[in-house]
Amino acid sequence: MLKVENLSIHFEERGASQEVVRDVSFDIQDGEILGIVGESGSGKTMTALTIAGLLKNNAILDSGSIRLDGVNLLSLSEKEMRSIQGKDISMIFQEPMTALNPTMRIGKQVEEALILHTDLSKEERRKKVIKALEDVELTQPEKLCRKYPYELSGGMRQRVMIAAAIVCRPKLLIADEPTTALDVGTQESILKLLKKLNKKYNMGILFISHNLRVVNELCSRVLVMKDGRVLEEGQAVQIFEHPQTEYTKELIAAIPTRTKGSRFYELLKARASEEGFADSDVKAGEENA
Amino acid sequence: MSRLSINGMKKGKTSNNLFSGGPQKLSGQKAAGGGLRSYNFTFGAVLTVIMLGLIVLGFFWVPYDTEAMQGSVKLNAPSLAHIFGTDQFGRDVFSRVLSGAGSTLVIAGGTILIGGGIGILTGAVTGYFGGWLDEGLMRINDVLAAFPSVLLALVIISIWGSGKYKVMLALGIAFIPSFARIVRGEFMRCREEDYVTSARLIGVSTPRILFVHILPNILPALLSSLTIGFNNAVIQEAGMSYLGIGVQPPDASLGRMLSESQTYLASGPWCAVFPGLFLVLLILGVGMLGEGILDRFGGGR
């Protein structure tokens, strides 16, 4: 469905230039969840923004193509791109607190994409909005439509964001660290929700995160990026069990687990002995910390 | 700074957000602000409604013809027949105050329509797009802003001649820079917000982003600066009429009434007191309303 080939981008500001994405290629099949992992500045968000058509003026595209069902997005005019944004490709962000317009009612914000991309009547649009809010498992959608974002919790806002993103049934949803700003419990439920929507609507998801654990939970295939390059690509299981590069090994080792021998476990043990606990008080477990 | 690092920018912004504080912030504000803040809004709104009501009434009905001179009642003190008294020609001061305030309202309203309209447009475009457009328009703006607005209005009037609508146009042009600057700053603040990125992402056109998505978010700052602008326009119109370059006789004007009544301050102080008082109350009401709007909806900025 989506095919990115040899994408290279650099920034230019006041004469200085910096490469942010170098020769990145990957593809996403219909209904597949692809994860991109990497540290801050590895180019993962830039790649996503480019796919979404949000390259800023000072970012210069050096080479490459992004094809959605055969159409090269990079060759489209701004107007043509606008007809794809929100309809075939949508995106959700990290901060649910700022991603909703504080002066617009929830219903209106979810409806916006429908107004732009469909010719539905007001009544039909309202039904679709309600349906989308139900899809993201929000209760009392009718009542919710009339509320303003400040009346909602962070988890609810992220759900509203997702509802607004999927209301037009996009082929591809780009999720840029959608769970980073949420607490662990809410994180889990948002991940489950994404998985459910992915199954239900056969919607491809490009999931960006620096959290390997989360990526492992959600994605079937994983891309590891560093300094704008793709270091490694493969099935999630394969990457976790047989990482090919040192960097991926380190990333995996950095996941805090209480499994014996892990870095986090050793840290816990050291702390425990410092504070005078016996070794046996530190229990090894399968569960992630 | 690269404008692309959307992730990095979010954190600091949250505190600026008008509504992010939610209920806690509102209750905290009420407790900290005490009675005075809400008092501003209520008192300002009531006073504004009364003064505007009187002025609008004056458009349709005044007790006496504003230009009819009556030799028999020259400089009469306020009475039941003439509640604000009469002036040196025997004209009813109350009627003249209402009709003068009417022209003041039209001029001040027109001024903020022209200045505010063009100011919002330039501010929105420059603030949102930045770059050479911003540079270019803002330098023109700086040139305009470099002249004191009265002086600029004087220049425009000396070229075009005086009169109600020319005063309005002159003041309107002179008021563009201050509005443009405020709106530009607010749009610059908002353009990096995630909800703007989200809107762009679902394919919303730029004009719609500017005026449907962003504009409502800057309303507190905009409304209060519009009220301040309105007051300045009232004062400047009165000042220009006082100097004789504003509204021309025989049209009534508060500023001109003040200047004409100077000679009769001893024999008929009401000729000066009532127009002055009317001006003061109008400005006070609108000013307090503007403050109140900021206090109530502006997140304490």
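User: How are positions named, and which pLDDT limits apply?

Analyst: Residues are numbered from 1 along each chain as its sequence is written, while chains are lettered from A and ligands numbered from 1 in the order in which they are written. The model is predicted: local features need pLDDT of at least 70, side-chain atom pairs count only at pLDDT 80 or more, and totals for chains, interfaces and linings use all residues.

User: Which residues of chain A does "domain: ABC transporter" cover in UniProt?

Analyst: The unreviewed entry gives residues 2-252 of chain A. UniProt positions follow the numbering used here, feature names are shortened, and annotations may be inferred rather than shown by experiment. That span is 39% helix and 28% strand, where helices (H or I, at least four residues) and strands (E, at least two) are DSSP runs numbered from the N terminus. For chain B, the unreviewed entry lists "domain: ABC transmembrane type-1" at residues 101-290, a span with 81% helix and 0% strand.

User: Is strand β3 of chain A buried or exposed?

Analyst: A residue is buried if 20 or more other C-beta atoms lie within 10 Å of its own, exposed if 12 or fewer, and partly exposed in between, with C-beta atoms placed from the backbone. In β3(A), residues 33-37, five of five residues are buried.

User: Which way do the residues of β3(A) point?

Analyst: In a regular strand the side chains alternate between the two faces of the sheet. Here A:Ile33, A:Gly35 and A:Val37 point one way, and A:Leu34 and A:Ile36 the other.

User: Which strands pair with β3(A)?

Analyst: Pairing requires at least two DSSP bridges between two strands. β3(A) pairs in the parallel sense with β8(A), residues 204-209, over five bridges, and A:Ile36 has A:Ile208 as its bridge partner. β3(A) also pairs in the parallel sense with β9(A), residues 221-226, over four bridges; there A:Leu34 stands opposite A:Arg221.
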